[in-house]
Amino acid sequence: MTAEPPPEPTGAPAPVPDVSRPAARGARPAFRRWRRTRPFWAALWTGAGGFVIFFLPMAPLGKILQVGVGGIAGMAGGVVLMAMALLILLLPGQRHTAGVIAVIAGVASFPLSNLGGLFLGMFLSVLGGSMAFAWLPEKPAPKRGGGLLRRTRTGAGTRLPSPSESVGSGSV
């Protein structure tokens, strides 16, 4: 067995990739397709709000408005909001329930946890929960071609009878 040297490069230009291909390959287009099938931005905002509400009670004592029960309630509310963000992202069919719970937990964080994460966490979680509740999946494109339920066009000269015309014109 002898190894042949690789062919020498010629002066021909490199082939141009076909841009008209509908399916691009790679991680970024795959992530984009996956992201468009679920309420991604709603989950992101809900998770960010839960993160702010969860970690604000862990700030140094000089930056906290309330210590004690508020800290525990803030951490619990933040965990609930981050769980709802995961639920919104991974199970888009449950987006209505998770969105309502996220809005309720975000509003409840206002009196329970440092003014709702200094208003920022509350705002983000209410925004994300509202977006999750309002999100609708894309409808698939209508299929073209023949099928069992294919519509047929009637001839141009045919006319449908109007409602005033009766089928039988006789009195009883």
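Student: Is F51 buried, partly exposed or exposed?
Tutor: Happy to start there, keeping in mind that this is a predicted model. F51 has 46% relative accessibility, so F51 counts as partly exposed.

Student: Which aromatic pair does F51 form, and what is its geometry?
Tutor: F51 lies in helix α2 with F55, four residues apart, about one turn of the helix. Residues three or four places apart in an α-helix point the same way, because there are 3.6 residues a turn. The rings of F51 and F55 are 4.6 Å apart centre to centre with 55° between the planes, and the pair is tilted.

Student: How do F40 and W41 pair?
Tutor: F40 is buried, at 17% relative accessible area, while W41 is partly exposed at 46%. Their ring centres are 5.2 Å apart and the planes make an angle of 80°. Planes over 60 degrees apart count as edge-to-face, so that is the name for this pair.

Student: Within what arc do the buried residues of α6 fall?
Tutor: The buried residues of α6 include G121, L124, G128 and A132. They line one face of the helix, because seen down its axis they fall within an arc of 165°.

Technical notes
Residues numbered from 1 in each chain as written. Predicted model: local features only at pLDDT ≥ 70, side-chain atom pairs only at ≥ 80, totals over all residues. Heavy atoms only, no water. Buried < 20%, exposed > 50% of the residue type's maximum accessible area, 1.4 Å probe, protein only. Helix = DSSP H or I, 4+ residues; strand = E, 2+ residues; numbered from the N terminus. Arc of directions from axis to C-beta. Phe/Tyr/Trp six-rings, centres within 6.5 Å; stacked < 30°, edge-to-face > 60°.
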